[in-house]
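Subject: Structure for you to look at

Dear colleague,

Here is the structure I said I would pass on. My notes on it follow below.

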Amino acid sequence: MELVFDLRRNWLILTCKALAWALLAVTVFNIASFAQSTDTAINRSFSAEAETNMYQLVDRLADPEDFYEFRQSRTNLEQLGAFYDELNEADEFDLLSVFDQPVPVRDFRGNETFDAGYGTEGSVGGPYTDEVGRRVQDVKAVQLNQKAFDFYRLAVSEGTPPDWGDVDYSDGAVPVLLGSSYAGVYEVGDVIDGNFYTLPMRMQVTGILEEEASLYYQGEMNFYLDHHLLIPYPPSAEQFAAQDQVFYGILYFAMVNADIAVPRGLSTDQVLGELAEASDHSGFEHYAVANLPDYLLQFSLVKSIIQDNLALVQGIGVLLCLGVLVASGFANAQLLRRRQAKALAFWRLGYSRGAIRRMLLLTALVQYAAAAAGTAVGLSLLPQASPAGLWSAAGVLVLLVSVDAAHESHLLRRLIDHTSGRMGT
Amino acid sequence: MSGRTVAIVGGLTLLFMLLASALSVYNTQQEAITLEGNKLYSTASIRVTGDPREIVRKARTLGPETRIYVQLPGEARVRNLLVDDPTGLNLPLHEGRPFRAGEEKAAIVGAAIPVVDRDGREYFEYDGEIYEVIGRLGAGPDSLLAADVLLSDPARAFDGSGPIVVDRVDAYARYVENFGSQGVARMNEDTNRRTNIDFVSPLLLGLGTAIVTAGAVFTGMLAASLLQRRHHVLHLLGHRRLPVQARSVGQLGLVAVMAGLPAFAAAVLAGDPMVSGASVLGVEALVASAVVVSFLTAAHLRRPVAPWS
């Protein structure tokens, strides 16, 4: 009965307390889910292994005529291929070969956001009729080797990554991955009828990339692949049929224009030495190399932006926690003031301290339950699932309950001590 | 008001004003981090290709807060920012101040940009013209914006090369609705995409605001209950209710002013270009008015104390 009297008298304070606690618990859940998401992002794109020096390897056949001349000789192309293979197989560093040649796709099912021109300096080209009379559309595509795929920790959310060892363009078929925005447009197992550097290609979709998959490309850390079609490069640049010389000539040059991720212990001279050695072995010497300090700079700055956000969010979380704790303390003092007469009456009637405390804590229990229920309702309204978040929300409620129960008991004890001292008992 | 009442109400008001100020600073900082991670564009920004004159003219009709970024020709990353009302834009700055409405021939530059010193003022030179440097871009000297320049120069509104970025709330929907989707693309190079911050941050602000609002309302009601007997006794002694309540509201206001001082002083003393004393005063005024309104409401709704009880 005392419980009902107490609730009727103090419902406002108790409701406010329960509400603030529930709001705080939901806030903490959110912060924890964000911390988890930050952790995932850092592990994916900003791990210690990715913190490397970056170099850029380019060919020196910038003049179209030289470029054309060079590609007329099969020997030249074989040398180029051998040069690529030696660098690709090097253990000292990773040759990250990435290129964004758009691919014409026949009867493309996607909307304009996949178009090669969408969001670029150019404009959306839309579907057009190619030389042989088919309706095609140029779509955003990225070609890359396995080293790049692994270095940037790309992974599929559906299907499987391509079997890199089996990639072979000579039979006109290639496994491809699709960016996450392709989900619902094409499915794993679909065959896309495309054309890659003039070579008709049946592109078998083996997987869909995780959301927000990204890599460092042409000076941009935030190069996202959600709207791209990913074509794996073959494991080596060795063999090609005579009739495909035009295709392989272009392909090998695309492959050799790559970034080189070099562990920070390796000096520039050592990198240049490795390249010179590969050049000697293969006979290909039309290359140039440049340092890309921008990579490490962007790496650390983009990483720090993510971490600054986390620090900021955690900071405001701590402040809100403290605020709610202090406000609860004020509320407790006010509650006890309103219960003072009753508590002292029971005390004078001979009730033990424990009995009075239990009586008051009973209302507190109702408030704790209300806070927990409020939290449950709040969490059920949120879309994201986060086990760590649930633990944190539960943790903060347990913290609030224990601090609050201790504080209320302390206030009560002080009141009774004070009174009994004054009464001389 | 007794000293006890002042302590309780003042303490709680102080607490919630501090929290509200912290939330406002959080909001500014978070927006600045977002802009820094996305070349100064918000996540709602769009890229429009086509005739620059046409696009700028169209985008300007979308409202005074619409930001239009025009990439100016040249090697450097020099952009011209056209915005009629820049108050809602929390540019990441580590020195100086943001653009003011209607300000011309001014520049905000990154730390790596060379500037000319003349008579104690710094200037940035572009294409034969000089612009006074009023601020430094980026949260610190080392920043993704260290090599960026932002000009405010309406005279170069149509000098753009390449796509023009139009940035405002709902930019895509607003632009496409008015002018069609020709050449319009959503942008997606923001760092925030890597985490769920764009979902968490507004929620955090909402929950924090709810906590502060609930706290301020509670404080007002508490003040009403603490002053209830006093009001009633004064009424019984022949004072009219309204003047008594008005006097209490005046006292509450005084308490609120005192409670607001620490956060305001902290904001002014911080000297951070991102934290303005005025915005802290603004949120403090909101908290104070929530306290007073809930006090008045509670004081009116409360049943008067039954005589002789």
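I begin with a sheet in chain A. Four strands of chain A form an open sheet in the order S2-S15-S1-S16, and their pairing is antiparallel. The edges are taken by S2 (94-96) and S16 (287-291) of chain A, each of which has a single partner strand, so one side of each has no neighbour in the sheet. From one strand to the next, the twist averages 30°. Please keep in mind throughout that this is a predicted model.

Within that sheet, strand S1 (residues 53-59) of chain A pairs with strand S15 (residues 258-262) of chain A over 5 bridges, in the antiparallel sense. Across this pairing, Met54(A) faces Ala261(A) in S15(A). Helix H6 (residues 268-282) of chain A lies across S1, S15 and S16 of chain A, and its direction makes an angle of about 165° with S16(A).

A hairpin elsewhere in chain A may also be of interest. Strand S12 (residues 214-217) and strand S13 (residues 220-224) of chain A are joined by 3 bridges in the antiparallel sense. Leu215(A) has Phe223(A) in S13(A) as its bridge partner. There are 2 residues between the strands of this hairpin, and Gln218(A) takes a positive phi near 45° there.

Now to chain A as a whole. Its secondary structure consists of 9 helices and 16 strands. For its 425 residues the globule rule gives a radius of gyration of 22 Å, but the value for chain A is 33 Å, well over that figure, so chain A is more spread out than a compact globule. Taken along the principal axes, the box that holds the C-alpha atoms of chain A is roughly 110 × 50 × 35 Å. Of the 425 residues in chain A, 40% are buried. Among the contacts in chain A with a separation of 6 or more, 80% are between residues 24 or more positions apart.

The C-alpha trace of chain B spans about 85 × 50 × 35 Å along its principal axes. Buried residues account for 45% of the 309 residues of chain B. As for contacts in chain B with a separation of 6 or more, 76% come from residues 24 or more positions apart.

Chain B is also assigned two domains: domain 1 (3-29 + 197-301) and domain 2 (38-189). Their centres are separated by 38 Å, taken over C-alpha atoms. Where these domains of chain B touch, 4 residues of domain 1 are in contact with 8 residues of domain 2. The domain 1 side of that contact in chain B consists of 2 nonpolar, 1 polar and 1 charged residues.

One residue of chain B deserves a separate note. Val291(B) belongs to helix H6 (residues 277-301) of chain B. Is Val291(B) buried or exposed? It has 30 other C-beta atoms within 10 Å, and the cut-off for a buried residue is 20 or more, so Val291(B) counts as buried. Beyond its neighbours within four places in sequence, Val291(B) has contacts with Thr13(B), Ala216(B), Thr219(B), Gly220(B), Leu252(B) and Ala256(B). Gly215(B) is 76 residues from Val291(B) in sequence, while their C-alpha atoms are 8.7 Å apart in space.

Regards

Technical notes: Residues numbered from 1 in each chain as written. Chains lettered and ligands numbered in written order. Predicted model: local features only at pLDDT ≥ 70, side-chain atom pairs only at ≥ 80, totals over all residues. Rg over C-alpha atoms; globule rule 2.2 N^0.38 Å. Buried ≥ 20, exposed ≤ 12 C-beta atoms within 10 Å, placed from the backbone. Contact = placed C-beta atoms within 7 Å. Pairing = 2+ DSSP bridges. Axes fitted to C-alpha atoms, helices over the stretch in contact; angles between N-to-C directions. Domains from an automatic or database assignment. Nonpolar A, V, L, I, M, F, W, Y, C, P; charged D, E, K, R; others polar.
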